[in-house]
Every structure is written in structure tokens, then in C-alpha cells.
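Open the model in your viewer and keep the selection panel at hand. The stops below say what to select and what is there.

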Amino acid sequence: MTYKLSELIKNLEAVTIKGDPDCLISGVCTIQHAQPGCIAFLTNSLYRQYLQTTQAAAVILTEADAVNCPVNAVISKNPHYTYAKIASFFEDQTKISPGIHSSAVVGSDCQLSPTAIIGANAVIGNHVSIASHVVIGPGTIIGNNVSIGESTQLDARVTIYANVKIGKRVHILSGAVIGSDGFGFANQKGSWHKVPQLGSVEIGDDVDIGANTTIDRGTVENTVIEEGVKLDNLIQVAHNVRIGAHTVIAGCVAIAGSAEIGKHCLIGGTAKIAGHVKIADQVILTGNTGVTKSITQPGMYSSGVKGAVPNLEFRKTNARIRRLDHLMQRVKTLEDLIERKK
Amino acid sequence: MTYKLSELIKNLEAVTIKGDPDCLISGVCTIQHAQPGCIAFLTNSLYRQYLQTTQAAAVILTEADAVNCPVNAVISKNPHYTYAKIASFFEDQTKISPGIHSSAVVGSDCQLSPTAIIGANAVIGNHVSIASHVVIGPGTIIGNNVSIGESTQLDARVTIYANVKIGKRVHILSGAVIGSDGFGFANQKGSWHKVPQLGSVEIGDDVDIGANTTIDRGTVENTVIEEGVKLDNLIQVAHNVRIGAHTVIAGCVAIAGSAEIGKHCLIGGTAKIAGHVKIADQVILTGNTGVTKSITQPGMYSSGVKGAVPNLEFRKTNARIRRLDHLMQRVKTLEDLIERKK
Amino acid sequence: MTYKLSELIKNLEAVTIKGDPDCLISGVCTIQHAQPGCIAFLTNSLYRQYLQTTQAAAVILTEADAVNCPVNAVISKNPHYTYAKIASFFEDQTKISPGIHSSAVVGSDCQLSPTAIIGANAVIGNHVSIASHVVIGPGTIIGNNVSIGESTQLDARVTIYANVKIGKRVHILSGAVIGSDGFGFANQKGSWHKVPQLGSVEIGDDVDIGANTTIDRGTVENTVIEEGVKLDNLIQVAHNVRIGAHTVIAGCVAIAGSAEIGKHCLIGGTAKIAGHVKIADQVILTGNTGVTKSITQPGMYSSGVKGAVPNLEFRKTNARIRRLDHLMQRVKTLEDLIERKK
């Protein structure tokens with residue numbers, strides 16, 4: 001499919017074209033590896049160096065960057081969002097017919113919308129409610145008493161345990177496991193006894209959940225993922241956690257039990273959040289930050305000693321740190337000597 | 001279902017009621033969000049503040065805490081364990097009929113107990129032995145020559161590779177992969193050649209394994225998870241590892257090849273254990289601790305620089321650490337100056 | 001099966017026997033737990049202590065170690081590679097007949113080699129090309145327009161999303177997810193909007209991918225795993241990443257979007273690589289190293305403060321580090337005092 005530049009921005013507010021609105025666009029590209037007929041975007045300053053020589057037919061960028069744009073410019077205050085909207089013209093439009101694949105297994109007393117799609121070898125439990133335009137991918141397993149809101153998409157090989165409630169327009173990627181038993185064991189005489197996990201998981205509208213991410217059911221109350229939350233791949237969300245609306249969490253983050261994360265937070269990849277802590281709204285955690293105490297104020301937080309250095313330097317620094325106590329003693333000794341001399 | 005408080009503790013040793021033993025209990029709740037008719041527990045001092053105003057019908061707690069309990073008290077030396085036992089009264093009692101779902105695929109020469117349940121779209125290989133009261137969830141795949149002990153439960157979408165031996169009363173959550181090839185490659189002239197992985201995995205009785213956790217088969221001998229071990233979600237157990245009995249490992253821990261972890265250890269979330277190290281019995285690793293050398297004595301161990309701080313402070317500290325060498329030189333210079341003046 | 005030692009090394013260059021070439025070998029073993037009739041190898045100096053007393057029938061080792069070998073020695077410049085070749089004689093030789101299992105679901109317009117094996121309950125989309133001797137495990141899901149090169153093996157419960165291209169002799173372990181949507185969202189007025197992910201994933205020849213590892217499709221261009229790359233379990237490869245040929249990455253590594261990793265790198269377990277960084281060829285990252293800036297030179301790199309210590313010592317060191325600023329001030333004060341006295 002090919003579109004005129006003007007068609008691509010027709011429904012976008014406050015987006016203007018500098019150049020030829022009739023320019024034909026046949027796809028998207030990166031600014032550095034652009035091909036004729038494609039549209040690129042510029043949002044990360046790392047890539048500004050490629051603007052002058054780009055082969056793109058048009059570039060989506062800010063007004064400031066447009067000054068240096070040698071091709072058609074699509075000027076936006078939010079080029080990333082504008083790109084998202086324009087790129088959606090070029091998504092795969094393959095339609096799958098609604099209905100239940102003959103190899104799928106569906107339990108009793110289910111309410112399945114006739115506009116829903118149930119993929120091959122999917123397994124649906126009893127008393128499951130699936131709203132209109134829901135897509136259940138092949139090999140996905142849904143437990144008893146689950147409810148799934150309209151236009152939600154579960155990709156292939158997802159597991160939804162019993163009693164989980166999923167909102168509208170949720171997207172769950174392959175391999176994710178939602179509603180598995182929380183990790184709760186009580187020790188009695190040296191061995192561990194399972195604490196029954198009786199809560200479930202609630203997932204709000206417009207939530208995205210990445211591949212192989214796990215979200216455990218609550219011990220007593222529910223684990224809650226509020227509306228608009230975006231979770232990347234391989235994230236662990238333990239039992240009783242609450243993640244506030246519109247918070248974004250990058251890959252491989254570990255969130256321990258009963259932690260509460262505020263709204264509109266940005267959690268960098270591989271961050272670790274201890275159990276029972278509370279994180280305020282609008283907190284940013286840089287990548288690999290460990291949170292062991294509650295954070296009560298918005299702002300950017302980090303932890304640890306960061307930055308890869310040559311191994312020899314690393315070893316030196318580690319030796320220095322191990323001898324910090326000794327260094328402090330030496331400073332104390334000097335202070336005493338000076339004091340005595342006064 | 002509703003029970004009298006006295007019924008709930010009938011089979012529990014050394015547990016007493018202060019208050020009304022005939023009080024009716026219809027479910028469990030948290031102490032802070034309690035509802036009438038429910039029973040809560042108090043084990044974490046963070047939640048003691050909610051005791052005075054709790055709406056619970058009864059609270060499970062220690063004798064010391066019972067003094068301040070305004071409602072019926074269930075007094076126990078081990079409230080968490082007592083709670084686990086009482087909560088089990090309120091677990092979902094849905095019974096699934098024994099038997100093999102018509103969509104399941106079962107190989108040849110299997111020994112399947114008539115009391116076992118094989119879920120929809122499960123796939124069982126050849127020469128598989130499944131004992132009484134075993135539950136195999138939907139979409140779970142079991143390789144050839146696997147044996148599974150009585151009352152073990154594999155949830156939906158678990159993979160058990162060939163030759164794995166699983167004990168009794170084991171519970172494996174969805175997405176877990178047991179017995180995949182270990183990560184062994186030999187370099188020859190710049191490219192990597194697979195080292196055949198010929199061992200398997202042995203899982204003892206009463207082991208729990210979390211969602212999307214992976215346990216690789218041994219290179220030569222077996223990877224071994226001893227009895228009573230509890231593994232949380234998204235844990236990596238590499239080939240040839242041995243985890244000692246009754247050790248508990250929280251989420252996202254990475255255990256490299258041939259590591260040996262002792263019995264009765266507590267490993268905090270996101271801990272990292274290097275290859276070939278040995279960890280003694282009764283070792284506690286706090287969250288995110290990295291172990292690079294063997295630990296020979298029981299006790300609590302930690303590593304790194306912990307605690308999230310505002311990013312500006314973090315940057316300062318990192319700059320200070322990078323200049324530690326310089327600081328040491330300055331102290332040395334001062335010492336020399338003082339020495340000369342003596 | 002039993003082989004003469006001489007048979008096992010028949011096709012191996014520059015490998016010699018010191019001892020009895022007719023010695024019969026019935027399996028492999030470790031040097032420390034050897035059994036009669038088995039062959040072991042010695043490559044890690046940690047295990048040299050077991051050589052004198054090994055019960056193995058033969059040991060594969062270097063010429064230097066052969067001097068102290070009390071049993072038959074198989075001398076090699078690369079004992080690990082020699083072991084890999086010899087151990088392959090003892091791999092499970094179970095043959096599965098080619099063909100499509102009756103429970104598998106295959107879409108339209110597929111090109112499936114008659115020598116391929118499609119396992120039980122596998123689901124193959126439309127326009128899929130599967131070359132000769134490919135094995136598709138049970139419960140594995142393959143999207144539309146995927147192509148898979150000859151002799152590639154996908155184990156049970158793998159997901160391959162639409163449009164992914166997989167080379168020859170690739171091995172993908174259970175639970176891996178390839179081609180899931182990258183994590184891209186644009187913020188507009190406080191909520192997050194999905195950025196369409198239009199690229200795919202290309203996987204070169206001879207790549208191995210571990211259990212529950214996730215590789216996202218590119219935003220615009222493809223995510224690329226070059227030939228000979230070996231990825232362990234639970235690794236996250238975000239969108240637009242490129243991993244250079246013959247690079248080996250251990251378990252639980254997190255690679256953020258658009259990172260480029262060179263060829264012949266060794267990335268230790270739980271390493272974290274930030275988005276958009278470039279890592280040169282032949283870089284070694286030790287375990288748990290975080291890379292936040294590009295690395296332009298080959299060599300070994302590390303980060304952080306490593307090594308588990310008793311918790312009390314850890315707390316002291318952390319307190320010292322928090323007071324580094326104060327220590328620096330004290331040194332400054334001393335310097336000023338000394339300066340004034342001069």
C-alpha cells in the first residue's frame with residue numbers, strides 16, 4: 001500500500017508538512033538506512049547525524065530539527081507519537097475469521113462473543129467470559145472463571161490461571177503466565193509448608209504484558225496491574241504487588257511480594273524492587289537500580305556502582321573499596337597527629 | 001463455606017483461642033483490609049499498626065501480639081504456619097475427574113495411574129510413568145522415559161524433557177522447563193561446537209518450581225534438586241547444579257553450572273551464583289547478592305553497593321569511587337609530609 | 001553401546017592415545033565420580049586434584065596433564081572439543097519417523113519437507129517453509145510466513161512469530177519466544193501508545209537459543225542474531241539488537257533495544273547491556289557486568305562492587321561509601337591545615 005504524505009497525517013492534530021504533501025510513502029524506515037519512498041523519524045539525538053544524508057522520502061521530527069531536514073519534513077511536537085500513528089498504516093492487515101478453531105477445547109458455561117477468535121489448540125476452562133473482538137492465540141490456556149474484556153489480544157502460548165480478570169484492549173505476548181501461585185511458604189520444624197494463595201490477578205484496560213513475563217496471584221487479596229501499564233519481557237511480578245496506572249517497566253525487572261509502585265513511573269530494565277516497599281507516583285528508576293526502602297518523592301533514583309571498565313581497573317577499585325576502612329583509619333590518625341601539634 | 005474458629009484449629013498443635021471459639025469464619029483477609037467474618041494473620045511487624053482497628057473476626061498472632069488484639073485471637077508460636085493450615089480450608093475445592101482428556105496425546109508403553117488426570121492437549125512421550133493422583137495440566141509436554149511420583153501436580157504448559165525423574169507431591173507452575181540441554185560449547189578454531197548433554201534432572205519429593213523457571217539437564221551426571229526445595233519464578237538453574245534439601249530460592253535468581261548450594265539455605269531474589277562454587281548449609285543470601293567464591297560457613301552474606309538514592313547523589317558517589325585511587329594518593333602525600341616533619 | 005578407545009578418536013585430528021587403544025568405553029563420566037569403563041575429561045584446573053585417583057577407564061586431557069594420568073590418556077590440544085566429539089557417540093539415538101503428527105495443525109500454502117518431523121499439537125501458520133530434516137517439537141507454534149532452514153530443531157513449546165527467518169542447524173529450546181513485539185510506546189498526554197513493530201527477526205546458521213529466552217522483532221528493521229551465536233536460558237534480546245557471529249551469551253543476560261554486540265564476544269551471566277550501545281568484537285564481559293556506554297576495544301570488562309561478604313561487613317562498607325564525601329572533606333581539611341603550616 002502507498003499513501004500520500006497528507007493522507008498519513010490527516011487525523012493527527014498539530015502536525016504539519018514542510019515540503020510536498022503529495023509525496024508517496026510506501027513504508028517506514030530508519031533514518032540511517034532509509035530507502036526511497038519510505039518515512040523515517042528522528043527522536044533520539046544519537047541519530048541526528050544521519051539527517052543530512054538520509055535517503056528517506058520524509059522524516060518526522062520537531063520544528064527545531066526540521067530546519068536541517070533535506071527532505072520532506074513532518075513537523076510534530078511529539079515525533080515519536082506521530083510516528084506511531086503513521087506506522088500503523090503499514091501494519092500487517094491480515095484478517096483472521098472470527099470463531100473457534102476446531103482443535104481448540106472449550107469448557108462448559110462459557111460466554112464467548114461470536115466476534116472472538118479462539119486459535120488452534122487453545123484450551124478454555126469453564127465459566128469463562130470472552131468479550132467481542134478478543135483474540136486468543138494458538139496453544140493459549142485459560143483457566144476457569146476468567147473474564148477477558150473486549151478487543152484484548154492474547155498471543156500464542158499464554159497461560160491465564162483461574163479467576164483472573166483482564167480488561168479491554170490488553171495485549172499479552174507469548175509465554176506470559178498470569179495468576180500462578182504466589183511464592184509463600186511457612187517454615188515449621190525445618191521444612192516449608194505451602195501457604196494457600198487465594199487471591200487472583202486484576203489487569204486493567206490498555207495494559208501490555210511482555211513475553212515470558214510472570215504475574216503471580218495474590219495471597220489473600222488480588223495482585224493488581226492498573227490501566228495503561230506497560231510491562232516488557234521476562235518481568236517477575238510477585239503476589240500482592242500493585243502497579244499504578246500508566247507505569248512503564250522495562251525488561252527483566254523483578255518485583256517482590258506486596259510492593260506497591262505508583263502511577264506514571266518509569267522503571268528501567270533489570271531494576272529490582274524489594275518486598276513491601278512503596279514507590280511514589282512519577283518515580284524514575286534508572287536501569288538495574290535496586291529499591292530496598294520506600295521512595296516517597298517523585299524523581300529519578302539509582303543505586304550501585306555503574307559503568308563497565310577494563311577488568312584490571314575494576315579489580316583495583318574493588319580492592320580500594322575493601323580497604324576503605326583502612327583508609328578511614330589513616331585519615332583519623334593524620335587528624336589526631338595534626339590535632340596534637342596544634 | 002463457613003467454619004467455627006474451633007473447627008479451624010482442631011488439628012493444630014499448641015494453638016489456642018482467646019475469645020469466642022464458636023465465632024463463624026467465612027474466609028481469609030488481610031489485617032488492614034479485613035471484612036467481617038474473615039480471619040487475618042499478623043507475622044510482619046510492618047502490619048502491626050493495623051491490629052487495633054482491624055475489622056477481622058479473628059487474627060492469628062503470637063502470644064505477645066495477642067495482648068493488643070481487639071478481636072478474637074488465635075495464638076500460635078508460628079502464626080504463618082498456622083495461617084497456612086487454616087487458609088487451606090478456603091481453597092478452591094473444584095474436583096476434576098481422573099482420566100485422560102480426549103485431546104491429549106499419549107505415547108507407547110506408558111504406565112499411567114487410573115487416578116491421574118491428564119489435561120487437554122497435553123502430550124506424553126513413550127515409557128512414561130505417572131503415579132496415582134498426579135495432575136498433568138493442559139498443554140504440558142512430557143518427554144520419553146520420564147517418571148512422576150504420586151500426588152505431583154504439573155500446571156498448564158510445563159515442559160519436562162526426556163529422562164527427568166520427579167518425586168512425590170512436587171508442584172511445577174506454568175511455563176517451567178525441566179531438563180533442557182545445558183549450555184556447553186567447546187571452541188575450535190573460533191566457532192563453537194555443542195558438548196552433548198547426557199545427564200538429566202532429578203527432582204526430590206515436596207519440591208515447588210515457579211513459573212517460567214528453567215532447570216537444565218546435566219552434562220554427564222544429573223542436575224539435582226533435593227527434597228523440599230522451593231524455587232520461585234524465572235529462576236535459571238544451569239547444568240550440574242545441586243540444590244540441597246529445604247533450600248528456598250526467590251525469583252529471578254541465576255545459578256551457573258556445577259554450583260552446589262547447601263541445605264536449608266535462603267537465597268534472596270535476583271541473587272547470582274557463579275559456576276563451580278559451593279555454598280554451605282544454612283547460608284542466607286540477601287537479595288541481589290552475587291556469589292563468586294565458595295561460602296564455607298553458615299550465616300548471612302551480601303554484596304555490592306545497595307540502596308536507591310536520588311540520581312544526583314548516585315552520580316556523586318560513583319564519581320567519588322572512580323577517584324578513590326586519587327584520594328588514597330592524597331592521604332599518602334599527607335602521611336609523608338607529616339612523617340618528614342616529625 | 002561400547003567402543004574401543006581407538007574408534008572414538010578415529011576421525012579426530014591431532015588426538016593421540018597414551019595407553020591401550022583397544023580399551024573398551026561404554027559411556028562418559030566425570031573425573032571425580034568415574035566408573036569403570038567410562039571416559040572423563042580434564043579441562044578445568046579445579047578438578048585436577050581428582051586425576052590421581054580417578055576410576056575412569058580413560059581421561060581426555062592435555063599433554064601436560066597426561067604426565068600425571070594414571071589411566072589411559074587421550075591427549076589433545078583442545079580436550080573440551082575432543083570430549084564433545086567423543087561424547088556424541090553416547091547420545092540418545094532414538095529416531096522419530098518423519099512426518100506430521102495427526103494432532104498437529106498446519107496452515108495453507110506451506111512447504112514442508114517430507115523429511116521434516118512435526119510434533120504432536122504443534123501449530124504451523126500459513127506460507128511457512130520448513131526445510132529437510134527439521135524437527136518441530138510438540139506444542140510448538142509457528143506463525144505465518146516463517147522459514148526454517150535444514151536440520152534445525154525446535155524443541156517442545158517454542159513460539160516463532162510471523163515472518164521470522166531461521167537458518168540451518170539452529171537449535172531452539174523449550175519456551176523460547178522469537179519475534180514478539182518489541183517494547184515501544186510513545187507517550188501522549190500521560191498515556192502510552194503502542195509504536196507498531198514492523199521488523200522481524202533473522203537467525204543465522206548454527207545458532208543455539210536457550211529455554212524461555214525471548215527475542216523481540218525489530219521496530220523497523222530486523223533484530224539479527226548472526227551465525228554461530230549461542231544464547232543460554234532466560235535471556236532478553238530487545239528489538240533492533242544485533243548480535244555478532246560466534247558470540248556466546250550466558251544465562252539471564254538482558255540486552256536493551258538497538259544494542260549492537262560484536263563478533264566472538266563472551267558475555268557472562270546476568271550481564272546487562274543498555275540500549276543503543278555498541279560493543280566491539282572480542283569483548284569479554286564478566287558475570288553481572290552492566291554496560292552503559294559503548295565499548296570500542298577488545299578486552300575484558302567488568303562493573304560494580306563484587307564478591308559476597310558477611311552481611312555485617314557489607315553494611316560497614318556501604319556505610320563507608322555513603323560517607324565518602326565526608327572522608328574527602330576531611331582529607332581536604334588536613335591538606336589545608338598542612339598547607340597553612342608550611
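Select chains B and C together: their contact takes 60 residues from chain C and 60 residues from chain B, where two residues are in contact if their C-beta atoms, placed from the backbone, lie within 7 Å. This is a predicted model, in which local features need pLDDT of at least 70 and side-chain atom pairs count only at pLDDT 80 or more, while totals for chains, interfaces and linings use all residues. Residues are numbered from 1 along each chain as its sequence is written, and chains are lettered from A and ligands numbered from 1 in the order in which they are written.

Helix 5 of chain C gives the most, with 7 residues. By class, this side of chain C holds 28 nonpolar, 25 polar and 7 charged residues. Here Ala, Val, Leu, Ile, Met, Phe, Trp, Tyr, Cys and Pro count as nonpolar, Asp, Glu, Lys and Arg as charged, and the others, Gly among them, as polar.

Next, select residues 324–341 in chains B and C, which are helix 5 of each chain. The two helices pack at an angle of about 35 degrees, with their axes 10 Å apart. Axes are lines fitted to C-alpha atoms, for helices over the stretch in contact, and angles run from 0 to 180 degrees between N-to-C directions. Helix 5 of chain B passes helix 5 of chain C in a left-handed crossing, that is, with the near helix turned anticlockwise from the far one by less than a right angle. Show side chains for Leu327(B), Arg330(B), Val331(B), Leu334(B) and Leu337(B), which meet Met328(C), Val331(C), Leu334(C), Glu335(C) and Ile338(C).

Move to chains A and B, where 61 residues of chain A are in contact with 61 residues of chain B. Which element of chain A gives the largest share of the side that touches chain B? Helix 5 of chain A does, with 5 residues. Elements that give two or more residues to this side include strand 21 (177–180), strand 39 (299–302) and helix 4 (311–322) of chain A. The side of chain A that touches chain B has 27 nonpolar, 23 polar and 11 charged residues.

Colour chain A by domain: domain 1 is 3–90, domain 2 is 99–301 and domain 3 is 311–341, with bounds from an automatic or database domain assignment. The centres of domain 2 and domain 3 of chain A, taken over C-alpha atoms, are separated by 48 Å.

Then pick Ala256(A), in the loop between strand 32 (254–255) and strand 33 (260–261) of chain A. Ala256(A) is buried, with 28 other C-beta atoms within 10 Å; a residue is buried if 20 or more other C-beta atoms lie within 10 Å of its own, exposed if 12 or fewer, and partly exposed in between. Leaving aside neighbours within four places in sequence, Ala256(A) is in contact with Ala238(A), Ile273(A), Ala274(A), Gly275(A) and Gly269(B).

Gly269(B) is also one of the contacts of Val253(B), along with Ile235(B), Ile267(B), Thr270(B) and Ala271(B), again leaving aside neighbours within four places in sequence. Val253(B) is among the residues that touch the most other members of the largest nonpolar core, which has 219 residues. Such a core is a set of buried Ala, Val, Leu, Ile, Met, Phe, Trp, Tyr and Cys residues joined through C-beta atoms within 7 Å.

Stay in chain B and select helix 3 (residues 79–87): 8 of its 9 residues are buried, so this helix is largely enclosed by the rest of the structure. Among the buried residues are Tyr81(B), Tyr83(B) and Lys85(B).

The last stops are loops. Asp206(B) lies between strand 24 (201–203) and strand 25 (208–209) of chain B. Asp206(B) has a positive phi of about 60 degrees although it is not a glycine, and is buried, with 24 C-beta neighbours inside 10 Å. In chain C, Ser151(C) lies in the loop between strand 16 (147–148) and strand 17 (153–154). Phi of Ser151(C) is near 65 degrees, and Ser151(C) counts as partly exposed, with 19 C-beta neighbours inside 10 Å.

Conventions: Helix = DSSP H or I, 4+ residues; strand = E, 2+ residues; numbered from the N terminus.
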